[in-house]
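This briefing covers one protein chain.

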Amino acid sequence: MSGYSLFRTALLAKCIPAHVKTGLCVNNVVHRIPVCGYAKKVATKGKGKGMAREELKGPEVCKDTARLTTHAVGVNIFKQGEDPKLKSPEEYPEWLYQIKLGPVTSLHDREPDSWEYWKRLRKESIWRHNRLHKGKKL
């Protein structure tokens, strides 16, 4: 578009000396200039350069040993209410104590015919593919 308007301006500039009294060519040149009209930026309230930022605070850390041994501190997700009390180990289901909390076993430690092996193999191949193509343009 800009190349076209420059070409048009050069052609119309030739006709200015011939038709000085009419001014027709000058008006055509003005209407052919491309204009970028961006939207007006909205002013933000309360976030200026001189304003102090509010620092985010983390959750309060409970240091009371009696409460830590009798309650599940930090489990309550509601603003109101208390943390639930801990029960005796016999009241909890058996599967709760069979959950693996350690590091994930590697692919070589799993049996090749199991479902977990193939799921982990697929996940690691996706990770490998993503690492290889990281930073490459399509």
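Beyond its neighbours within four places in sequence, Arg120 is in contact with Val104, Thr105, Leu107, Arg110 and Trp127. The model is predicted, and the chain averages a pLDDT of 76.

**Arg120**
- Arg120 belongs to helix α4, which spans residues 115-132.
- The relative accessible area of Arg120 is 19%, and because buried means under 20%, Arg120 counts as buried.

**Largest pocket**
- The largest pocket holds about 200 Å³ of space.

**Fold and surface**
- The chain has four helices and zero strands, and the order of elements from the N terminus is α-α-α-α.
- Of the 138 residues in the chain, 8% are buried; Arg120 is one of the buried residues.
- Of the contacts between residues at least 6 apart in sequence, 7% join residues at least 24 apart.
- The chain has an accessible surface of about 14300 Å², and carbon and sulfur atoms account for 59% of this surface.

**Confidence**
- A pLDDT of at least 70 is reached by 63% of the residues.
- Over residues 9-13 the pLDDT stays under 50, and the model has four contacts beyond four places in sequence for this stretch.
- Residues 22-30 also have a pLDDT below 50, with seven contacts in the model beyond near neighbours in sequence.

Methods. Residues numbered from 1 in each chain as written. Predicted model: local features only at pLDDT ≥ 70, side-chain atom pairs only at ≥ 80, totals over all residues. Heavy atoms only, no water. Helix = DSSP H or I, 4+ residues; strand = E, 2+ residues; numbered from the N terminus. Buried < 20%, exposed > 50% of the residue type's maximum accessible area, 1.4 Å probe, protein only. Contact = heavy atoms within 4.5 Å. Areas by Shrake-Rupley, 256 points an atom, 1.4 Å probe, with all protein chains shown as cover. 1 Å grid on protein atoms, 1.4 Å probe; cavity = no way out; pocket = protein on both sides within 12 Å on 5 of 7 lines; lining within 4 Å. Points joined across faces, edges and corners; volume = space filled by probe spheres on them. pLDDT = per-residue confidence, 0-100.
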